[in-house]
2 protein chains.
Amino acid sequence: MTSRDGYCWTPEDGLKAGVPSLGVISPASNISSSEVLYDVIVIGAGYCGLTAARNAAIAGLKVLLLEGRDRIGGRSWSSNIGGYPFEMGGTWVHWGQANTWREVVRYQMEGEVEKSHDFTNGVKHFELNTLQGTTTMSHDEEDEVTESAFKKFTNIDGAYGRETIPLPYTTFRNPASIPLDSQSAQDRINEIANVLTAQERAILETSILLCSGGTLETTSFHEFMHWWAMCGYTYQGFLDLLITWKFRGGQSTFARKFFDEALATKRLSYTFNTPIKHIKDTGSSVAITTRTGQTFRALRVISTLPLNVLGAVSFDPPLPAGKQAAIAIGHVNQTIKVHAELSNKALRSWTGVTYPHNELYYAIGDGTTPAGNTHIVCFGGNNKHMDPEADISVTQNAVSSMFDPSNYGGKEVEIQRLVFHNWSKDEFAKGAWFFAPPKLLVNHLDDMRAQHGSIVFASSDWALGWRSFIDGAIEEGTRAALQVTKDIEALKAGRPSL
Amino acid sequence: MTSRDGYCWTPEDGLKAGVPSLGVISPASNISSSEVLYDVIVIGAGYCGLTAARNAAIAGLKVLLLEGRDRIGGRSWSSNIGGYPFEMGGTWVHWGQANTWREVVRYQMEGEVEKSHDFTNGVKHFELNTLQGTTTMSHDEEDEVTESAFKKFTNIDGAYGRETIPLPYTTFRNPASIPLDSQSAQDRINEIANVLTAQERAILETSILLCSGGTLETTSFHEFMHWWAMCGYTYQGFLDLLITWKFRGGQSTFARKFFDEALATKRLSYTFNTPIKHIKDTGSSVAITTRTGQTFRALRVISTLPLNVLGAVSFDPPLPAGKQAAIAIGHVNQTIKVHAELSNKALRSWTGVTYPHNELYYAIGDGTTPAGNTHIVCFGGNNKHMDPEADISVTQNAVSSMFDPSNYGGKEVEIQRLVFHNWSKDEFAKGAWFFAPPKLLVNHLDDMRAQHGSIVFASSDWALGWRSFIDGAIEEGTRAALQVTKDIEALKAGRPSL
């Protein structure tokens, strides 16, 4: 099945909108009537909504899942092109991610992961292109420089943050961690600028942007430290947990497990291609009106709308001031992720940074495609933002600029394919994974998490642990389903006529 | 409520059997008839059984939980003495443990953990007592020596095991890891003996025994490397994941969440004090006969009996040869865990090793009791085994021998209380957490995991990830409940008359 989402470019066919994905659901709906009163309507079929819908359906609730797109997965989905998966959004998983790995093992997928990088053959180098010039170094040297930079950046307490954020699921518990949320990444870099080498600084800045997708000024230092704490306060942990293991068959193979299990309960109704417009909570039930004017009703609603799109839906009664304030601020992540197939096989073991002058700042060899090409995955963000479909030559140039021809016998790389999704232009995402600007979390994390009448708000954007990650989405979907299941049980116990 | 399990000794009252625990369930049974045909009978109310029973009940199955003891928790439970929890078995948890932490967050207990150690005040030292004499050193020095020893022990591939066991949930996937399971810890120590200092060797041997509770000869090197891989291949990870964070209210507060949630579904029947004797699988249903001759029937059974007690139950048809072989071998962990209240407050920041001549080889300051005493937790095992209740003066002496009076102004420690459970004499455990002898896993892991007719065998003893841990129990309970739920659904779909 082909999704409307995503783009693919090849020399032969040029740029085409829409890519195949195992996450596209057919038929797109299994409901015939909108007259049903559901126990719960789940808005959004990303991992958070899938988890919430699945858990609620298992627990016996009558569930309706509404999704604006034609596919499951939300900000995590894979495009299957010729049997080869390109990860359009969230990619990497690890057994240290509690909610994700619990599901991986539950679905017996623990053997279905593989490493992104493979440094065994080929160029086996890291290429650093900055305004000061170009350098290549071994991956061991890359690690050494990066680790040194990370240690300087994170060592706020003589213990690399361990004393300040001892429990990464409750980061604000230690008062010493609170001021970190008033600092931007830029503020922190300014504090340590005189002990960073130029190489360390370029790699550090790129690494931070690779996390936040914003700018150094709009990146909360606290949130970066939260990620760092989640990764065990080490650079090796950062690599292991954030950018190493991916599903051999692609994210959508994992997401399908949730959807298929929910469907097997026979208590899941669903309809895709159904963006919603308005949510009215009467107290006794909630009515959801779609853009096309259909109305669905339920006793409870679980909204998994991301922070950046929550403002596009109207609520009656209106959302409380704290939630509205958080929506008005929004998160800052405008990551651009571009996959490229390159004909040079030796680049399989390549990694690179081109910063700050390029639209794409970081890339790694991520696989070998069925055609035998090297697949690299490239990242850019808000520091030099582009819409990769707007002018494909700009995107091609941004990919090519990751490689200085002088390192490759004067040859430019040959791009055989580009695959990407424009998250910034995606009306159901308006950005990539959540990343907090300074002060958003300390002021509004509780607001974002708060229930509003009969509506539970669940999203990786305000998870406690792996916030922004697939894991955080599952964490939140689990929380929401449990809450709603308890509510509905209490409701039905009190009103046996229902 | 007071459990039959456990012992407490004080100078005033002497040795008493039975200690209070929040894990004791009252009333001990909620069933009146044994004529019911259950969907599933879960044998054992440890974390594995609790998870299986809870998940099956949530999924709509009619569940009977049978437990030989008077309490939940199995090999993990806390005694609440004067409001202060002593952990009688499994203690420490961490957000890197997928199944455990998923539940911690689901039950909103992420803020209810605290550190065992507190090195801020008091002696702030590590005491090493060996046959060669006694030494004290700072905790930084302790870490340095221990890390150095661990690195030598684990560095089988130039990458501290990372290359050999890249995916710790599927340890045997890399053929290079298989020979490690033919090696004992002693074999591996022999290989590196000439590069270990005497201090490193004493601490290393103690650390290994602290994991296995066996002897160095009966400890599989592969299984130790599995633990090491689960901890991120670092000593810091070992500390963080294995021995740092515990529940402020004790393990039984966590276990209660599972039981109470299962009970709230109104689909959980249970009866404690009900050891079972015989399991007969007729194909269409399974009949379980208790020691007192009661019979219970179900479509499916989930046995969570640990490996070392599985042989005490008879099966008809008999268990297959592979499972019987695994049972005949058994696991080797005979850990002795003794809590002691000491009047010296300064010992809060103490850690110690007394090895190999003492029944207790390792201990750490674990808390301050309501009486203001320092609580230390001490560990011994099979290298010099004792039954701590057999002669309390031997146990007292083993605790006192953790401290060389010459380090404390010539004074012996004053013991105000001892609390322990004898896991080796416990008929429902016959040992502590699972630890594999050489060759058990490579030959029989699949056998231990295999279903037998309508009986699913689930236990932390053969979990894939945190085998031996609470996490592994939840992993296995999750697997079993999902399997049985699918089976029962298929059965009922095929036989609508049921």
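This briefing describes selected local features of a predicted model, grouped by topic. Because the model is predicted, local features need pLDDT of at least 70 and side-chain atom pairs count only at pLDDT 80 or more, whereas totals for chains, interfaces and linings use all residues. Residues are numbered from 1 along each chain as its sequence is written, chains are lettered from A and ligands numbered from 1 in the order in which they are written, and side-chain values use heavy atoms, with hydrogens and water left out. Helices (H or I, at least four residues) and strands (E, at least two) are DSSP runs numbered from the N terminus.

**Salt bridges**

- A salt bridge is taken as a side-chain nitrogen of Lys or Arg within 4 Å of a carboxyl oxygen of Asp or Glu, and by this rule the count comes to 54 salt bridges over all chains.
- A:Arg69 pairs with A:Asp426 in one of these salt bridges, with 2.6 Å between the closest N and O atoms. A:Arg69 lies in the loop between β4 (63-66) and β5 (78-81) of chain A, and A:Asp426 in the loop between β20 (415-420) and α12 (440-449) of chain A, so the bridge ties together parts that are 357 residues apart in sequence.
- Burial is judged by relative accessible area, where buried means under 20%, exposed over 50% and partly exposed in between (1.4 Å probe, protein chains only). A:Arg69 counts as buried at 4% relative accessibility, and A:Asp426 likewise counts as buried at 5%.
- A:Arg300 and A:Asp487 form a salt bridge through their side chains, at 3.2 Å from N to O. This pair links distant parts of the chain, 187 residues apart, with A:Arg300 in strand β14 (residues 295-303) of chain A and A:Asp487 in helix α13 (residues 470-494) of chain A; both residues are buried.
- In chain B, a salt bridge joins B:Arg201 to B:Glu205, whose closest N and O atoms are 2.8 Å apart. B:Arg201 and B:Glu205 are separated by about one helical turn, because they are four residues apart in helix α5 (residues 198-212) of chain B.
- An α-helix has 3.6 residues a turn, so residues three or four places apart point the same way. Of this pair, B:Arg201 is partly exposed at 28% relative accessibility, whereas B:Glu205 is buried, with a relative accessible area of 9%.
- Salt bridges with shared partners join A:Asp5, A:Glu67, A:Arg69, A:Arg71 and A:Asp426 into one network.

- Helix α8 (residues 251-264) of chain B has 14 residues and reaches 20 Å from its first C-alpha to its last, which is close to the 20 Å expected at 1.5 Å a residue, the expected span being 1.5 Å times one less than the number of residues.
- The buried residues in α8(B) include B:Phe254, B:Phe258 and B:Phe259, together with B:Gln251, B:Ser252 and B:Glu261. Just after α8(B), B:Lys266 takes a positive phi of about 65°.
- B:Val353 belongs to strand β17 (residues 351-354) of chain B and is buried, with a relative accessible area of 2%. The C-alpha atoms of B:Val353 and B:Val145 are separated by 13 Å, although the two residues are 208 residues apart along the chain.

**Backbone features in loops**

- The peptide bond from A:Ser26 to A:Pro27 is cis, with omega near 0°, and A:Pro27 is found in the loop between β2 (14-20) and β3 (37-43) of chain A.
- In chain B, a cis peptide bond joins B:Ser26 and B:Pro27, with omega about 0°, and B:Pro27 has its place in the loop between β2 (14-20) and β3 (37-43) of chain B.
- A:Asn273 is a residue other than glycine with a positive phi, near 55°; A:Asn273 sits in the loop between β11 (268-271) and β12 (276-281) of chain A and is partly exposed, with a relative accessible area of 35%.
- B:Tyr160, which is not a glycine, has a positive phi of about 55°. The place of B:Tyr160 is in the loop between α3 (139-154) and α4 (185-192) of chain B, and B:Tyr160 counts as partly exposed at 28% relative accessibility.
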